Number of protein chains: 4
Amino acid sequence: MEDPTQQEEQASAEVRERVRDSFERQGLMAHLGARVTRIGPGRVHIELPHRPEVTQQHGYFHAGATSAVADSAGGYAALTLFPEHTEVLTVEYKINLLAPAVGSRIEAIGTVLKSGRTLTVCRLEVFGVQDDGERKLVANGQQTLIRVDRPEA
Amino acid sequence: MEDPTQQEEQASAEVRERVRDSFERQGLMAHLGARVTRIGPGRVHIELPHRPEVTQQHGYFHAGATSAVADSAGGYAALTLFPEHTEVLTVEYKINLLAPAVGSRIEAIGTVLKSGRTLTVCRLEVFGVQDDGERKLVANGQQTLIRVDRPEA
Amino acid sequence: MEDPTQQEEQASAEVRERVRDSFERQGLMAHLGARVTRIGPGRVHIELPHRPEVTQQHGYFHAGATSAVADSAGGYAALTLFPEHTEVLTVEYKINLLAPAVGSRIEAIGTVLKSGRTLTVCRLEVFGVQDDGERKLVANGQQTLIRVDRPEA
Amino acid sequence: MEDPTQQEEQASAEVRERVRDSFERQGLMAHLGARVTRIGPGRVHIELPHRPEVTQQHGYFHAGATSAVADSAGGYAALTLFPEHTEVLTVEYKINLLAPAVGSRIEAIGTVLKSGRTLTVCRLEVFGVQDDGERKLVANGQQTLIRVDRPEA
């Protein structure tokens, strides 16, 4: 399965900077070794390379690591559609672990399904990716987020 | 809110050893700094101390860290009711983040609601705990798990 | 399993009237034959008697009927804690069907877990009830709701 | 938004008959007035016309009715990929109500995301459809189902 998103549109420079600034302040993402690899309007990709620190007892990616990058991808996808001086909080999400999360890395994609004034709903997808580029859907979820106004400094 | 589980029953020594063995093979749990603090029949507690490596951009516990320990607590709660030579996989879970996850640590509690031959359903609760012992429910979820037979070595 | 809620507190007369007024305007609830049987602060019970019109292909209560009364019970539980001239909308819910929903009736109980300014989270439980009063948990869920201000007439 | 599924493949005659037989035994679906409108391999459509019997207090489709047809669409989508003499049960589902469900009818589409030996995961979509054919996504969900062997008669 090829990555159908190779050609997809980028968000504006201002939005991309806002996402990267927030991402860099997330201690957990750095600690896991995750990185943002694409920031489109309403769609963000986060990758997590495989290493023992992110596994469960069989050496696969831990469902908690899979969910953490999926949750962040959805949160930033929502944020790309918000005005400046706002923030996003996850209200809830649900995720199905469809297959053992194997691969040299996983790629989480958050996509906005519905962007409302208060609430946003995202689709969450996580693919296991092999070194040869082979991709397999290993988790699929749905997330609700809320927009919060942030006072200007 | 006091911890109502102080007096609760412990699982058998065999079951506790099985849970601890599996937990120690989870690279992610060690990497986050989580530890199992109680193993009862159908109920497991996991604690995660606060440190920058498990936070989101405001210094609270990251939803991904909160979910990871909740998911593991539910998985091991299910495992306590399984026979030997079986394993547990998370099918799916849903979690609501009810309040900012603040505290010197979080405590995740997984409790079996229904234990079937194939599928188990757990309730997931995560409390933020202050140094003075004050506890607040910060996340609440529900999880479906499947039992898998493991060939004897 | 006895009903542990026999003695529970009632909501105020104003709140109970508000809930009953709204319930009576729900065409679906009347069409299914559901009725509100208890209105406490943050907790509402709805019962649905068994008849062929609410079944699936094996004669059990249909998951759709089970969910419909669970969703309404949670919505009205949220509403009991709202001020006048507000309304409630379901944002999302998740429900596990734990056992075949058999019985002469089902009883759905919605209970508020967290009541916020904008969002409310409820626990949803559905019991199958036999004529002799025996009760069994047949579904368990979790629901997010949003408060909406309604202009005064 | 046009219906992108106009041209989609039909399931075999045997499978379509199996789905229709089961659907006709669901008292709830007849009572609501729902009908199966398309049976493809791994994908089933169910329509529900608007009438007062399926509404909530504002005259929109009730979330319970929306969910009931979504749940059935997913269940039958799973069934189309099963062998004969098997049945399907809903394990759980999660649904977001994205917009008021208005229209002369709603159309629920269940699509299999992952079909395993024991468990199947479906995407659930519900569209509000106007008389002029305009379609709007009003609910989106995700569902887990289990396959059950049925003894031959």
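**View 1. The area buried between chain B and chain A.** About 2700 Å² is buried between chain B and chain A, and carbon and sulfur atoms give 50% of that area; buried area here is the accessible area (1.4 Å probe) that two parts lose on being put together, summed over both. This is a predicted model, in which local features need pLDDT of at least 70, side-chain atom pairs count only at pLDDT 80 or more, and totals for chains, interfaces and linings use all residues. Residues are numbered from 1 along each chain as its sequence is written, chains are lettered from A in the order in which they are written, and side-chain values use heavy atoms, with hydrogens and water left out. In this interface, 34 residues of chain B are in contact (heavy atoms within 4.5 Å) with 34 residues of chain A.

**View 2. A salt bridge between chain A and chain B.** The side chains of Lys94(A) and Glu92(B) meet in a salt bridge at 2.8 Å, N to O, where the term stands for a side-chain nitrogen of Lys or Arg within 4 Å of a carboxyl oxygen of Asp or Glu. Between chain B and chain A the count is 2 salt bridges.

**View 3. Strand β3 of chain A beside β3(B).** Strand β3 (residues 86-97) of chain A pairs with β3(B) in the antiparallel sense over 5 bridges; strands (E, at least two residues) are DSSP runs numbered from the N terminus, and two of them pair if DSSP finds at least two bridges between them. Within this pairing, Tyr93(B) in β3(B) is the bridge partner of Ile95(A).

Notes: Helix = DSSP H or I, 4+ residues; strand = E, 2+ residues; numbered from the N terminus.
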